[in-house]
Amino acid sequence: SSNNTPVVLHRPQTVSIIIQDTLYGRRDIFEETVNRITVTAATQTVSVLPIVGPGGIGKTTFTTHLYNDARTQDHFQVKVWVCVSTDFDVLKLTREILGCITATEGARSSRVANGTTNLDQLQQSIAHHLKSKRFLIVLDDIWKCESDAEWKTLLTPFTKGEAKGSVVLVTTRFPKIEERVKKGTSPLNMQGLDPHEFFDFF
């Protein structure tokens with residue numbers, strides 16, 4: 001009967017702090033992507049950019065460098081990093097995102113909203129905080145999202161802003177997640193390093 005035990009994948013939490021100082025072999029695509037999120041995206045209220053590639057290829061490392069680049073820092077007034085992993089729970093993610101937004105503001109007024117499990121109240125609070133701000137939300141390492149409805153629900157408060165040029169960055173190893181989230185944008189498909197770049201790395 002032990003064979004019937006469900007396998008629970010415990011993925012490590014990812015963080016926005018740069019762990020690997022040098023970004024090997026991706027300088028051109030990096031510059032292009034900084035340009036995409038700070039210049040090209042400025043015409044839309046909110047754009048979703050999926051970064052897709054196999055496990056261990058460097059998606060999270062690449063994204064931490066994007067998140068911390070001086071141009072990104074200057075461009076976005078609010079930045080949030082959430083490690084999604086195998087647990088795509090709209091209520092939990094919404095609470096976590098709101099908690100990150102209010103933590104950066106040091107806002108006391110939001111404690112009530114943070115304590116609620118009412119999704120509508122949480123989303124209203126996010127929409128209120130982000131109303132006139134340009135923001136970058138990173139949803140790192142998404143493994144599953146069961147339906148379009150679930151994805152749209154998570155995204156709802158981010159589509160209500162008055163500022164243009166906000167971006168949601170999604171990293172995933174699964175093409176079906178990319179299909180679900182990409183919403184008219186061309187994804188960034190991350191491949192392995194070229195042989196000479198690979199040797200630079202070592």
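In this predicted model, the charged end of lysine 79 sits over the ring of tyrosine 67, at 4.1 Å from the ring centre. The ring of tyrosine 67 also takes part in an aromatic pair, described next.

**Aromatic pairs**

A pair of aromatic rings is described by the distance of the centres and the angle of the planes. The count of aromatic pairs in the model comes to five. One of them joins tyrosine 67 and tryptophan 81: the ring centres lie 5.5 Å apart and the planes stand at 90 degrees, so the pair is edge-to-face. This pair links distant parts of the chain, with tyrosine 67 in helix 2 (residues 59–68) and tryptophan 81 in strand 2 (residues 78–85), 14 residues apart. Tyrosine 67 counts as buried because its relative accessibility is 6%; tryptophan 81, at 10%, likewise counts as buried.

Another pair is formed by phenylalanine 88 and tryptophan 151. Their ring centres are 6.5 Å apart and their planes meet at 40 degrees, and the pair is therefore tilted. It too connects distant parts of the chain: phenylalanine 88 belongs to the loop between strand 2 and helix 4 (90–105), whereas tryptophan 151 lies in helix 7 (residues 148–155), 63 residues away. Phenylalanine 88 is buried, with a relative accessible area of 7%, and tryptophan 151 is buried as well, with 4%.

| Residue | Relative accessibility | Class |
|---|---|---|
| Tyrosine 67 | 6% | buried |
| Tryptophan 81 | 10% | buried |
| Phenylalanine 88 | 7% | buried |
| Tryptophan 151 | 4% | buried |
| Valine 15 | 42% | partly exposed |

Strand 2, which holds tryptophan 81, belongs to an open sheet of five strands in the order 2-3-4-1-5, with parallel pairing. Strand 2 and strand 5 (188–189) stand at the edges; each has a single partner strand, so one side of each is left without a neighbour in the sheet. Strand 2 runs parallel to strand 3 (residues 135–142) and is joined to it by seven bridges. Within this pairing, valine 80 stands opposite isoleucine 137 of strand 3.

**A surface patch**

A nonpolar patch on the surface is formed by Val15, Ile17 and Ile19, which together have about 340 Å² of accessible area. Valine 15 is placed in the segment before helix 1 (27–38). Its relative accessibility is 42%, and valine 15 therefore counts as partly exposed. That value lies between the limits of 20% for buried and 50% for exposed.

Methods: Residues are numbered from 1 along each chain as its sequence is written. This is a predicted model: local features need pLDDT of at least 70, side-chain atom pairs count only at pLDDT 80 or more; totals for chains, interfaces and linings use all residues. Side-chain values use heavy atoms; hydrogens and water are left out. Patches are made of residues with over 30% relative accessible area and no salt bridge: like charges are joined within 9 Å, nonpolar side chains (Val, Leu, Ile, Met, Phe, Trp, Tyr) within 5 Å. Accessible areas come from the Shrake-Rupley method with a 1.4 Å probe; for residues, only the protein chains shown count as cover. A salt bridge is a side-chain nitrogen of Lys or Arg within 4 Å of a carboxyl oxygen of Asp or Glu. Helices (H or I, at least four residues) and strands (E, at least two) are DSSP runs, numbered from the N terminus. Buried means under 20% relative accessible area, exposed over 50%, partly exposed in between (1.4 Å probe, protein chains only). Rings of Phe, Tyr and Trp (its six-membered ring) pair if their centres lie within 6.5 Å; planes under 30 degrees apart count as stacked, over 60 as edge-to-face and the rest as tilted. A charge sits over a ring if NZ of Lys or CZ of Arg is within 6 Å of the ring centre and within 35 degrees of the ring normal. Two strands pair if DSSP finds at least two bridges between them.
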